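User: Hi! I have a new model open and would like to talk it through with you. Could you start with the surface?

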Amino acid sequence: MFLEVLEKNKRKSIVTAVVAEGEHQGYRCILADGEVVYEDAPGFSELIERMRDITETCYQEIGTERVFFEVLSQSPRLVICGGGHVALSIVRLAKLLHIRVTVIEDRPMFANQARQAQADEVICDSFEHALESIEGNPDTYFVIVTRGHRYDKVCLEAILNKTYAYVGMMGSRSRVRLLKQTMAKEGFSEEQLLGLHAPIGLDIHSETPEEIAVSILGEIISVKNAKKRSEGYSDEILEGLMQLGRKALATIVMRKGSAPRQIGTKMLIFADGTAKGTIGGGCAEAELMRKARALLSEEAPKPALIRVNMTNQDAEQEGMVCGGIQDVYVEIVE
């Protein structure tokens, strides 16, 4: 039922809450656009009211209860306008980062090259017409790397009227300045134009297509991770949850120090010792997996809040030089 709710409401604002510790441990509630769409058992009205004010993923106390609130986002989608050398390098790097990539290119030969680079979707059509079919949302990232100024303008005009997390365009500072002046005269607001990342990418003095791709993806990662939301349930985790049989879902609900992964990071652990996702690797993760498998072996397992405590000294001895503390909520899914 939880997965169905996520699917049906994937374009809405979704906040979930789970009681990780306390009298109501295991209680879960889901709000979509402020309305309750799933609740384990009615009656925790104080928590629901608190959820309506939540704008960032966080860990809070309600009386004696410790509650993990998660503001969910969709998995990031990257839309690249253009299929040249830089675009192909962006595709290859984005796939290493598990980002879904769509390439728009109006030249069949270049569109085929994007397919060979393993883009998830390639639209061989005019930029204007292709962008009409793409719905923007707060987790869509647009990159404009076309072959000419007039194509850049066509793409930018279409994108600025959508909802997006990021839009960046390649070009010199003088070229970008002239384009912004032209678009301002055509009625685009200062706020819309200020949101454009151009020249695109982090300033790392990149020169080759591969280096430019690194600078662009670096900027996108910076924008993505600045949002205090969780990617929630990746395609890999969702696929694992749909498999038959009992499994343990581990979620980082609190972190301190230099622990490697953010709150909301999830890992799925199976009884045979296999897993999907990671909370940071190393001996600490192996210990968490051992405890999760012990829960899986119980006849009637209950949720558990497990502390992964890697002080600096312990971290060095165990090969986890990042150190830090994580509280991980482990629940059994059948």
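Analyst: Happy to. The protein exposes about 16900 Å², and carbon and sulfur atoms supply 49% of that area; accessible areas come from the Shrake-Rupley method with a 1.4 Å probe, and for residues only the protein chains shown count as cover. Please keep in mind that this is a predicted model: local features need pLDDT of at least 70, side-chain atom pairs count only at pLDDT 80 or more, and totals for chains, interfaces and linings use all residues. Residues are numbered from 1 along each chain as its sequence is written, and side-chain values use heavy atoms, with hydrogens and water left out.

User: Thanks! What percentage of the residues count as buried?

Analyst: Of the 334 residues, 46% count as buried. Buried means under 20% relative accessible area, exposed means over 50%, and partly exposed is in between (1.4 Å probe, protein chains only).

User: And how many helices and strands are there?

Analyst: There are 12 helices and 16 strands. Helices (H or I, at least four residues) and strands (E, at least two) are DSSP runs, numbered from the N terminus. The C-alpha trace spans about 65 × 45 × 35 Å along its principal axes.

User: Let's look at a sheet. What is the strand order in the open sheet of five strands?

Analyst: The order is β3-β2-β1-β5-β4, with antiparallel pairing. Two strands pair if DSSP finds at least two bridges between them. At the edges are β3 (35–39) and β4 (58–62), each of which pairs on one side only.

User: How many bridges join β4 and β5?

Analyst: Five bridges, in the antiparallel sense, with β5 covering residues 65–72. Along that sheet, Cys58 stands opposite Phe69 in β5.

User: Switching to helix α6, which of its residues are buried?

Analyst: In α6 (residues 149–159), the buried ones are Tyr151, Asp152, Lys153, Cys155, Leu156 and Ile159. They pack against several elements, including β6 (77–81), α5 (127–132) and α7 (173–185). Contact here means heavy atoms within 4.5 Å.

User: You mentioned β6. Is Ile80 in that strand buried or exposed?

Analyst: Ile80 is found in strand β6, and at 0% relative accessibility it counts as buried. Leaving aside neighbours within four places in sequence, Ile80 is in contact with a set of residues that includes Ala87, Ile90, Val103 and Val143. Ile80 and Val103 are 23 residues apart in sequence and 4.8 Å apart in space, C-alpha to C-alpha.

User: Then where is Gln118, and what is its phi?

Analyst: Gln118 has a positive phi of about 80° although it is not a glycine. Its place is in the loop between α4 (108–116) and β8 (121–123), and Gln118 is exposed, with a relative accessible area of 54%.

User: What about His205?

Analyst: His205 has a positive phi of about 60° and is not a glycine. The loop between β11 and α9 holds His205, which counts as exposed at 66% relative accessibility.

User: Last one: how far apart are the mean positions of the positive and negative charges?

Analyst: They are 4 Å apart, for 39 positive and 49 negative charges. Lys and Arg count as positive and Asp and Glu as negative, while His and the chain ends are not counted. Each charge is placed at NZ of Lys, CZ of Arg, CG of Asp or CD of Glu.
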